[in-house]
Every structure is written in C-alpha cells, then in structure tokens.
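Good morning, and thank you for making time for this presentation. Please look at the sequence and the structure as they come up, and keep both in view while I speak.

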Amino acid sequence: MSQERPRTFRKLSDCVDAIIERVGNKIVLGLPLGLGKPVPLVNAIYQRAKDDASLSLKIVTALSLEKPVGRSKLERNFLEPFVERQFAGVPDLDYVLDLRNNSLPRNVEVAEFFFKAGSYLNNARQQQNYMSSNYTHAARDLIANGVNVVLQMLAYREIDGKPYYSFSCNPDLSIDLEPMLHELAAQGAPIAIVGMVNRRLPFMHNHAVLEPERVDFVVDSRDFDHPLFATPNMAISPADHFIGFNASTLIRDGGTLQVGIGSLGSALVYSTILRREQNQVYRELMRDLDLRNKFPVVDAIGGDDPLSQGLYGCSEMMVDGFMYLYKAGILTREVFDDLVLQKLLNQGDISTKVDLHILDALVEADVIHAKLRARDVQYLIKYGIFKPQVEFKGGALVWQGEPIEPDLSSQEARTKIEAVCLGESLKGGVVMHGGFFLGPQRFYDMLHGLSDEEHQKFCMTSVNFINHLYDHKFGVQALKVAQRAESRFINSAMMVTLNGAVISDGLCNGKVVSGVGGQYNFVAMAHEIPQARSIIKLKSTRNSGGRSFSNIIFNYGHMTIPRHLRDIFVTEYGVADVRGKPDKDVYIELIKVADSRFQDELLQQAKRAGKVPADYILPEAYRSNTPEKLRALHQKYSAKGLFPAFPFGCEFTEEELKIGKALKALKAKTSTKLGLAQALWRAIHVRETPLELAPILKRMKLDQPQEIRERMEQKLLIAEMAG
C-alpha cells in the first residue's frame with residue numbers, strides 16, 4: 001500500500017484484476033448495508049467468481065436491496081410496469097437474483113446481519129448464514145470474519161480546488177472500519193479499500209468526508225452514475241396514523257428524536273408536523289382520544305405544545321421524515337461538539353444568538369480567560385462567537401487593523417468588542433446525526449437541494465457515535481448525554497409479551513425476520529440517559545388466514561428486547577408506561593392498550609398465572625378499543641383533510657392504487673378455503689365487464705384472457721373492484 005493512492009480505474013474488470021492481485025483468490029468482501037453498495041462493481045466481482053471456481057468469495061453485508069417481484073401472476077402483472085418506471089436504470093444485485101433462484105455457486109457465500117423484513121424467511125441457505133449482531137458490533141464482526149476487501153459507493157466533490165469523496169449514505173460502519181483495515185494493512189495483511197463514484201449520490205459533509213489518500217482503488221466513470229435505489233412511499237393505514245399520533249404526544253419540546261423506517265415512522269412524522277402546524281386540531285384529537293385522562297404519561301413526558309424550541313435528530317437511519325421535520329421548522333435544535341457550550345445551552349444560560357453574555361458565561365465556566373488569549377480567540381471564532389476576521393496580534397484583538405484591548409473586565413473593551421467583534425449566532429451546530437440513509441427519490445433530491453450552509457447542519461456519521469454512549473473520536477459519553485437531552489428513541493416491534501419483552505426480529509421457530517439492528521442499543525441507551533425514554537410502537541393486531549390475532553400476547557418463544565428493559569409501548573389505542581413498575585401493573589397497562597376483542601383472554605391468562613389479582617376488573621374506559629371506533633374517528637378527521645394515506649407523496653398512479661387495494665383485499669379473502677370459495681362464487685357470476693374497468697384490465701394484461709386461469713383471474717378482479 002506504499003504506492004500513491006488511489007489508483008483510479010474506468011473499467012470494472014481492471015479494478016477486479018487489481019483487487020485479486022492485491023488480496024489473492026480468497027476474497028472476504030465487506031459491503032455497506034442498503035444503498036451504499038456499488039452494484040456494478042459488486043456484480044463484476046461476483047461474476048468473476050461465477051466464472052472462476054478457484055476464486056473463493058464470501059460476501060458479508062446487510063440489507064441487500066432488491067426490486068419488488070410479485071409471487072402470483074396477478075401480482076407480477078401489477079408490479080412489472082411500476083417497477084420498470086420506479087427503478088428505471090437501477091442495476092440489480094446479481095447475487096440477490098441468484099439467491100432467489102437458488103443458483104448461487106458453491107464457491108460463493110453470502111452472510112447478512114440484517115434482512116429486509118421477511119425477505120428470507122423461507123430461504124434455508126440465508127437463514128443458516130445469518131449473523132446475529134448488534135449494529136454497533138458489526139464492524140468488529142466484519143473484521144472477525146476476515147474481511148480483506150471493502151467496496152462502497154462514494155459521492156465526489158471538489159472543495160477549495162481539492163478532490164474529496166464522501167461516504168454519503170453509509171458512513172455508519174465505514175468510518176470505523178476504514179482505520180481498522182489500515183491497521184491490518186500496516187501489519188502486513190493484504191487489504192483493499194475500494195470505492196466507486198456515483199455523482200447522483202448526495203455529497204454529505206462533516207464526518208462523512210473521505211480524503212482520497214485513504215482509499216486504495218476507485219472506479220470513476222460517468223458510465224456508473226446510475227440512478228439510486230429509491231424506496232417508494234408506503235400507504236399509512238388509519239391504525240398506523242393513530243399509533244403515530246399517540247407516539248407524537250410523548251415528544252418533549254427541545255428534545256431529541258429517533259425515528260424508524262416504514263409507515264409507522266412516517267405516521268409519527270406526520271403527526272409531529274400536525275402538532276406544529278395545526279395545533280388546535282391536534283389538541284382536539286387528543287381530547288377525542290381522551291389521552292390525558294387515560295394515560296398520564298403524556299403530560300409527564302410529552303405534551304401538545306407546538307414544539308417551538310425544536311428538536312434534534314439522532315437516528316441510525318436518517319429517514320426522509322427528518323427532512324420534512326426540517327422543512328416544517330421542527331428539526332431546528334442545534335447541538336455542538338463542545339461539552340461546556342452544550343451544557344450552557346441545555347441549562348438555558350445562553351442561546352444560539354451571540355451576545356456579550358456568552359463571553360461572560362464562558363469565562364465563568366473557565367473555558368476562556370477574562371483577559372483573552374490567542375487560544376481563546378481561536379475558540380470564539382470556531383463557534384461563531386467572534387467574526388472570522390478578528391485577529392489576535394501582539395497581545396491585542398485586531399479588527400480591520402485597529403487594536404482592541406482583550407480585557408472583558410474593561411467596560412471600554414466590552415463596548416468595542418460588542419460593536420465590531422461579535423458574530424450573529426453560534427456556528428458549527430448540527431440538527432441531525434444519522435448513520436445511513438435510504439428513501440424515496442424525492443428525499444435524495446431534497447438532500448441535493450440543501451445549500452452548503454444547510455448541509456453543515458446534517459452530519460452523517462459512525463453508528464458507534466450514534467447508537468450508544470461509549471466514548472468515540474467524535475464525542476465522549478458526557479457530550480453525547482448533553483446533546484441527547486429528553487431523548488425519545490422510537491422503534492417498532494411485531495409483538496410484545498405481557499411482561500414487557502419485545503419481539504422485533506425473529507420467530508419462535510428460530511427463523512429470522514429481519515435483525516436486531518440498532519434497536520437493543522437505543523432501548524438500553526434510553527435507560528442510561530436522564531429523561532430519555534424508549535418507545536416501542538406496534539399494531540395491536542395482525543391478520544392471518546382470514547383471522548385477527550393480538551400482537552400483545554401472554555408469552556412467546558423468542559425475544560429481541562428482554563423484559564428488564566421495558567419502558568413505553570404505543571398501540572393505536574394508547575400508551576402503556578411500564579418502566580419501573582411491578583409485574584401486575586405492567587400486565588394491566590399492556591392489556592389497556594390491547595384490542596378489546598382480546599382483552600378478556602389476556603386478563604384471564606394473567607390471572608391464571610397469578611400475575612394479576614383475581615378480583616381485578618379492567619376499567620370501562622379501556623374497554624372500547626375497537627377498529628370501529630378508530631374508523632369513525634379517522635373518518636371525522638379525514639373529512640377535514642387530515643391523515644391521508646400518502647402525506648409525503650406517492651409513486652403509484654391513481655389506477656395502480658385502486659388495483660393494489662383490490663389485490664390486497666383479494667389476497668386476504670382467498671387466504672382461507674371458505675374465503676376462496678366465496679370469491680370464486682362471486683367471480684363465476686360476473687357476466688360483463690363494467691366499462692370503467694376496461695383500462696384496468698388492460699393494465700393488468702387481462703383484457704383478452706386466453707387460458708382458463710386468466711379468465712378466472714379476470715373475473716376475480718372484476719368482482720372485487722366492482723364491489
């Protein structure tokens with residue numbers, strides 16, 4: 001690695017040759033999770049392994065993105081035109097396609113520590129190769145697996161005439177992994193750190209910036225500036241909206257926010273913006289839900305104020321919702337990389353507006369001297385307290401050639417300093433720390449559209465800085481705690497047991513649904529930071545085989561988060577605050593937010609186990625947790641234009657939304673023998689095609705059915721869409 005870096009290639013094959021020349025025929029390939037995979041280069045290495053059985057390739061990664069593919073012919077007919085439009089020009093990961101076809105060659109292995117939810121439930125090979133690892137341990141585990149090549153898609157920009165790369169969407173592991181690999185290389189290990197430039201990738205500043213000399217090889221050709229994988233917005237159901245609303249009432253103004261991916265995260269963002277922009281309506285819904293009386297924790301840790309102080313975002317994933325919070329004037333609380341400055345801000349002793357009082361506070365805190373020195377002036381300029389033109393020469397402050405006595409105890413000096421030296425507001429503040437990002441194309445466009453000044457407020461960084469409190473090169477524990485005031489770490493779960501254990505990533509049969517990711521870290525961190533809370537969102541029920549099941553259950557044979565880390569649980573029916581409470585209260589609080597169809601059964605199970613007093617009666621106020629009641633409330637507020645299914649845009653056409661809704665309903669109805677029989681009965685009685693459905697049938701390639709199966713699919717779809 002002594003030669004000049006980086007070596008730049010325009011052809012993928014030349015880069016692959018250089019990698020093999022560097023590390024040999026045994027490649028353990030580390031790839032970023034999600035968006036940051038340089039797909040053309042990954043495919044080139046994978047294809048080389050397919051063509052050469054002497055090459056051993058192990059891919060260690062997470063969240064391998066793939067375009068949606070329908071399972072049935074109806075689903076495929078629906079999805080194919082949408083996928084062609086939504087993912088035009090986005091390359092596929094060849095190893096994922098082969099995994100799906102069970103055609104991965106014997107000399108290739110793929111191990112992931114996080115799956116797209118449910119994507120490999122029935123893939124024995126991937127279930128066997130799954131690596132259970134906390135997100136904060138992933139870099140360590142990559143090294144333990146012998147990673148000798150890392151690939152990453154990089155953004156590129158010239159800054160002050162010098163070329164720079166950016167980890168952009170994925171500094172999460174790369175920031176910590178890169179120096180670990182350089183250390184191995186210094187010890188003589190053959191290591192290759194490889195980037196591929198894609199100019200469509202937003203250039204993120206701050207911690208994500210990567211100097212060229214820290215990279216070994218780079219592929220840089222306009223041929224590989226392909227469109228980014230953009231996830232379409234998913235519909236927010238009425239239940240999702242109420243879960244998001246309930247969670248939004250727990251946010252404290254001036255606090256810290258973590259938001260998860262998916263419709264529940266989007267629902268939370270929507271209601272948080274509603275709290276700011278339509279506060280009276282927000283309060284009206286709180287009254288309709290009777291949240292304050294039924295769940296006192298709302299007033300204890302949250303509220304209904306319009307969040308005028310603003311929030312700071314600290315989230316392993318920067319979802320597009322954070323940009324909407326920023327645009328709405330909510331993501332505005334700036335944090336700083338100086339502990340004393342941050343504490344003074346937290347205590348309200350100073351604000352981000354610069355005045356002489358800041359100087360006095362810093363003197364009192366022993367950060368600067370009353371008689372300023374050169375180092376003090378450097379500090380004051382760094383944080384925008386002094387203008388950058390202020391100099392310190394010959395023991396005096398100098399402004400445009402005129403000396404000023406640097407003595408804050410002198411009224412004359414203070415007057416001059418106030419007149420010419422002070423800046424307007426503190427500089428270097430960050431409103432968002434994120435580990436990785438992935439989202440819709442509009443999100444990427446919003447990132448591209450930020451001004452240079454705005455970009456400095458968004459810091460993509462190491463997941464080890466974000467997800468736990470241990471000292472890191474970007475901030476020690478005390479600083480992290482100070483920055484993360486009033487944290488609300490909000491995550492999602494599939495199920496929760498009555499004793500407060502959380503099931504988020506796997507099933508009791510051992511199959512992995514997704515992965516723990518950073519959930520454990522955030523939950524544990526919420527128990528360590530004063531005034532922080534862990535909030536787990538979950539839908540109270542799920543449907544399977546035509547039946548409804550409670551997601552609040554008595555027990556389960558797998559858990560992601562143990563019961564001793566239980567805190568707050570939110571369903572569409574309310575908020576269960578169980579931190580520090582005895583078991584009987586935990587069981588009762590969770591039953592209060594369960595669907596009322598299952599409350600009696602849950603209560604009887606708890607009583608039989610001796611966990612709830614035998615004579616306990618659930619108050620009537622919690623007995624009306626029904627979908628019908630929520631549906632009525634949703635209709636009331638929908639009539640006011642609130643709680644839309646796609647508040648942040650929709651990639652589907654109106655026609656596709658209608659088809660998708662019909663296919664979803666049809667799939668649910670035909671999931672049981674009785675439902676299938678009823679659907680077929682309705683279908684065989686279809687005699688003619690309503691004129692308005694003709695374009696839809698053409699879109700679904702069912703306008704001229706040839707086979708018996710196609711004719712039946714046509715009739716099933718007509719019957720469903722015609723009502």
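Predicted model: local features only at pLDDT ≥ 70, side-chain atom pairs only at ≥ 80, totals over all residues.

Let me begin with one cysteine. Cys459 has a relative accessibility of 2% and therefore counts as buried; the term buried means under 20% relative accessible area, exposed means over 50%, and partly exposed lies in between, with a 1.4 Å probe and protein chains only. Cys650, by contrast, counts as partly exposed because its relative accessibility is 31%.

Residues are numbered from 1 along each chain as its sequence is written, and side-chain values use heavy atoms, with hydrogens and water left out.

How many disulfides does the structure hold? The count is zero, where a disulfide is a pair of cysteine sulfur atoms within 2.5 Å. Cys459 is accordingly in no disulfide, and the nearest cysteine sulfur, which belongs to Cys314, is 10 Å away.

I turn now to the sheets. Helices (H or I, at least four residues) and strands (E, at least two) are DSSP runs, numbered from the N terminus. Two strands pair if DSSP finds at least two bridges between them.

Eight strands form an open sheet with mixed pairing, in the order β16-β15-β11-β10-β17-β20-β24-β25. Its edges are β16 (458–460) and β25 (574–577); each has a single partner strand, so one side of each is left without a neighbour in the sheet. On average, and with direction ignored, neighbouring strands of this sheet are turned by 20° against each other. At one end of the order, β24 (residues 568–571) and β25 run antiparallel and are joined by four bridges. Within that pairing, Phe569 has Ala576 of β25 as its bridge partner.

Helix α13 (residues 320–327) lies across β10 (256–258), β11 (312–318), β15 (432–437) and β16, and runs at about 160° to β11. For such angles, axes are lines fitted to C-alpha atoms, for helices over the stretch in contact, and the angles run from 0 to 180 degrees between N-to-C directions.

Another open sheet has three strands, in the order β12-β13-β14, with antiparallel pairing. Here β12 (391–393) and β14 (402–404) are the edge strands, each pairing on one side only. The twist from one strand to the next averages 45°. Strand β13 (residues 396–399) is joined to β14 by three bridges, the two running antiparallel, and Trp399 has Glu402 in β14 as its bridge partner. Helix α17 (residues 411–421) packs on this sheet, touching β13 and β14, and its direction makes about 130° with that of β14. Contact means heavy atoms within 4.5 Å.

Next, consider strand β3 (residues 56–61), where five of the six residues are buried. Which strands pair with β3? On one hand, β2 (residues 26–30) pairs with β3 in the parallel sense over five bridges, and Leu57 in β3 is the bridge partner of Ile27. On the other, β3 pairs with β4 (residues 108–112), also in the parallel sense and over five bridges, with Lys58 standing opposite Glu109 in β4.

The interior comes next. A nonpolar core is a set of buried Ala, Val, Leu, Ile, Met, Phe, Trp, Tyr and Cys residues joined through side-chain atoms within 4.5 Å. The largest such core has 155 residues, and those with the most contacts inside it are Leu35, Leu250, Met318, Phe437, Phe458 and Ile552. Helix α9 (residues 263–277) contributes the largest share of this core, six residues. Leaving aside residues up to four places away in sequence, Leu250 touches several residues, among them Val297, Ile301, Arg488 and Val575. A second, separate core of 40 residues includes Ala44, Leu55, Leu57 and Val96.

Asn464 is found in helix α20 (residues 463–466), and it counts as buried because its relative accessibility is 12%. Not counting residues up to four places away in sequence, Asn464 touches Thr136, Asp176, His472 and Lys480.

Ala679 has its place in helix α27 (residues 673–684) and, at 2% relative accessibility, counts as buried. With the same exclusion of residues up to four places away in sequence, Ala679 touches Thr670 and Leu716.
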